[in-house]
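Dear colleague,

I am passing the structure below on to you, and my notes on what turned up in it follow directly after it.

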Amino acid sequence: MCGIVGLFIKDPALEPKLGELLTDMLITMTDRGPDSAGIAIYSRPDDGLAKITVQSPNPNTDFANLDKDLKEAIGKPIALKVKSTHAVIELPMDQVDAARSALTHLRPEVRVMSSGDSLEIYKEVGLPKDVAARFDLAKMKGTHGIGHTRMATESAVTTLGAHPFSTGSDQCLVHNGSLSNHNSLRRMLAHEGVRTETQNDTEVGAAYLTWKMREGATLGEALESSIDDIDGFFTFVVGTKDGFGVIRDPIACKPAVMAETDQYVAFGSEYRALVNLPGIDNARVWEPEPSTVYFWNH
Amino acid sequence: MTSEFPHTPPRKSYTFSDAANAEIRRAAASGIYDIRGGGTKRYLPHFDDLLFLGASISRYPLEGYREKCSTDVWLGTRFAKNPIHLDIPVTIAGMSFGALSGPAKEALGRGASAAGTSTTTGDGGMTEEERGHSKTLVYQYLPSRYGMNPDDLRRADAIEVVVGQGAKPGGGGMLLGQKISDRVAMMRNLPKGIDQRSACRHPDWTGPDDLEIKILELREITDWEKPIYVKIGGARPYYDTALAVKAGADVVVLDGMQGGTAATQDVFIEHVGQPILACIPLAVKALQDLGMHRKVQLIVSGGIRTGADVAKAMALGADAVAIGTAALVALGDNDPVFEAEYQKLGTTAGAYDDWHEGKDPAGITTQDPELYNRFDPVLGGRRLKNYLKVMTLEAQTIARACGKNHLHNLEPEDLCALTMEAAAMARVPLAGTDWYPGKNGF
Amino acid sequence: MSKQTFDLAAQSLRELNSALHALNGQTNQTAWDVVNPKGSHAIAAGLDAPLDVTVHGSTGYYCAGMNKHATVRIKGSAGPGVAQNMMSGAVIVDGDASQYAGATGRGGLLVIKGNASSRCGISMKGIDIVVHGNIGHMSAFMAQSGNLVVLGDAGDALGDSLYEARMFVRGKVKSLGADCIEKEMRPEHYDLLEDLLRRGEADAKAKPEEFRRYGSARKLYNFNIDNADAY
């Protein structure tokens, strides 16, 4: 049960303000989700460079010398940018798998939040304004992003239970609602070799999409089939390298408002989240239909 | 040649019992699921399986009648400008006009007011009978919104947002055509004589994030004066309690599966929900985890019959209890005095549960003037007051014996359990041990 | 008669609503402007006097909830549950309305000049709703009484499980809900519709002859196992 925001920039002139706009939208949704907050930011990739966002409960010890240790392990140069409990590891694209496997034994406590060449995910327990300040989200530039404020329903209020959930390289998902068959799906996915780390229903939604795409579905197809396979109430917003998508369950009770101008496409759980966007008074504002996949691509 | 050995005696199936087969035949003949009133009839672990330890040398009891044991309770102290103060922690649960007759609602108001406690409206809106006779009246805000209006909202003493009830967590109501009289139909904006199918979800919000905004609206309409209760059925009490608190409730009302109903599918009554004994510790844990125990008050209901039940519920952490079925029995429901008439209806006193049919010989669960005029609301009110007073005295007796000068000082540590299942559910030690199933991981 | 302006960027929602509630029964200061609503919830909820409130901008949930007597105009779009459980008076939305518009309304008039989202008029109990644009799915679900007029199209499952509410739709209906059927337009319906269009500020846009009427088949009024698929 939560607040969702999303912003897809069409006019490059607005890209430097992505973090600032999205942070404002996120904080407006505090009432819907005071337990934790998270944000996924997509920026233009550096050629041939990948980045892995990681999180640690003990950043002081885990992130100290992590760049050196990783470089030693994989034999390639890497860069490390620490932001509070999170850090972004920059490395050659072909070294992502090697680095991730090295991480598991170098720093067993460290969790991968995202990987890809465009995406960074930051999420923590606490009020959205505090989470935003901790990671200096307002200063981030980018092409598009999604954010989430969480009011936990049945799973624990933890960093790992916060959204967005990564669903694969440069992919992530946020959710508002409550899924009713996530335990069976989690067992099915485990059998298929798709691992989940929490008891969170949204993580199952994310893992489901990962699995579908692994089996050859496009993201659009995976979202379409989620309507048949995932039970309960959901509004999903997914981020990809090129854009973002929205889907609501057939009952479509959980709120969703969208706005589009020449400069951007925006998503909010409530209109309140959109009120400070430039040109909102003249934007086309509408609510997404149930069981319908919406997608915007660069 | 026939065998000389004795025959195997006839043996009926335990699985396909007479009762199970009778229900199959009834379903096959009628084509409708069984709808009835009342609560679950199956055996459930209950307060009966808990005992108080009492006091002797390590603890000292209070002297009855002389040393004071208070019973009052404040409800709605978190946000409301006008919290409610009740003399006793036993309240009357929501029961609708429609399910009950006007005189029965009046009797509930009379009895509760005389005993210093509150009564609650139901799915049919607020009647003059109950507002006029109830000193403290809680106005239910239900999915159906029958009769809902801002004037009644403002003349209520508290507002109870009903999300669910113990007899049917996740289900809506059902008032069959027989009871939709002219007055009931008018109050509910429905045609006379049709089945009334109440919704299971509120029409204009879903989930705790929306509920927070709904509560804000109700507070704004009533200028933040009234306590806002949120009533939930005993489904997933830890999460539901926590989310009601996060959404801004002043009071959480938790109704276990023994809670009654005017009319619902029997399959719902008997197969959905958890016993109140299992629900209370989870709800209390949720409140404690949020640091809100006693700040957001907890009212529990579902199978409360005696002062001992009241004391046990409070010892497990409730601030007050609510009674529905017990109040109706106090008024005269299922009284053997009407046995001849129960027989005519094909049932017997104590088993009558076809409340939806409106033929109640006791004149309580009916809209038939001939029947409800039998019922004397003044006498009914007096009987209810007497019963509430007795429950309170009983609870005080127990509390004093445990050395308490107030009912709300009873604790889980004042209890032991007689059975493993009660110990596991209530999380109090099995009698004679310091252990309950699940404690320390075992 | 003085006109008051209330700025929600400078003053709180509580201050606004308590000022409006304090006017119950009074006749001066009846005209109010509310500026900077910025999607706030419960604006002008619970009014109980013949006030004229204009909200300049878009509102959040439950604007003009439980309205009695007042006229509330929204110069923008309305969030979920606008005019929920309205008793009397009028609420006019210049833009679109989100889901649950006019839910459980018992009287008065709700006019939406743009589109209404899903569940418009859900469980309505006597309110009149005029939507100039389209309405979303599950509109008039379990609607009990009152009139819903739609100049545009209706989404899926219109009037599911409805009781005695009337629906008039000018455009296409994507699908009818359980127990909802098209019904004949009789002379009294043309008269009723003409009045609703006029009061709904839509008479210049549409004529009663262009509408079809939908209502209850009344087959679910008493349980019958042969209708079980509709439950």
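Which backbone nitrogen does a side-chain oxygen of B:D376 reach at the start of helix 14 of chain B? In this predicted model, that oxygen comes to within 2.9 Å of the backbone nitrogen of B:V378. Helix 14 itself, residues 377-401 of chain B, has 25 residues and spans 36 Å from its first C-alpha to its last, close to the 36 Å expected at 1.5 Å a residue. Just after this helix, B:G403 adopts a positive phi of about 80 degrees.

Turning to the aromatic rings, a search of the whole structure gives twelve aromatic pairs over all chains. One of them is the tilted pair of A:F244 and A:W296, with 5.9 Å centre to centre and 55 degrees between the planes. This pair links distant parts of the chain, since A:F244 lies in strand 12 and A:W296 in strand 16 of chain A, 52 residues apart. A:F244 is buried, with a relative accessible area of 1%, and A:W296 is buried as well, at 13%.

The charged end of B:R183 sits over the ring of B:F97, 4.3 Å from its centre, while B:K214 lies over the face of C:Y62, at 3.7 Å from the ring centre.

Finally, the UniProt record, an unreviewed entry, places the feature "domain: Glutamine amidotransferase type-2" at residues 2-298 of chain A; the end C-alpha atoms of that span lie 27 Å apart, and the span is 26% helix and 33% strand.

Key. Residues are numbered from 1 along each chain as its sequence is written. Chains are lettered from A and ligands numbered from 1 in the order in which they are written. This is a predicted model: local features need pLDDT of at least 70, side-chain atom pairs count only at pLDDT 80 or more; totals for chains, interfaces and linings use all residues. Side-chain values use heavy atoms; hydrogens and water are left out. UniProt positions are given in the numbering used here, feature names are shortened, and annotations may be inferred rather than shown by experiment. Helices (H or I, at least four residues) and strands (E, at least two) are DSSP runs, numbered from the N terminus. The expected span of a helix is 1.5 Å times one less than its number of residues. A polar contact is a pair of N or O atoms within 3.5 Å; within protein, one must be able to donate a hydrogen and the other to accept it, and residues adjacent in sequence count only if both atoms are side-chain atoms. Rings of Phe, Tyr and Trp (its six-membered ring) pair if their centres lie within 6.5 Å; planes under 30 degrees apart count as stacked, over 60 as edge-to-face and the rest as tilted. Buried means under 20% relative accessible area, exposed over 50%, partly exposed in between (1.4 Å probe, protein chains only). A charge sits over a ring if NZ of Lys or CZ of Arg is within 6 Å of the ring centre and within 35 degrees of the ring normal.
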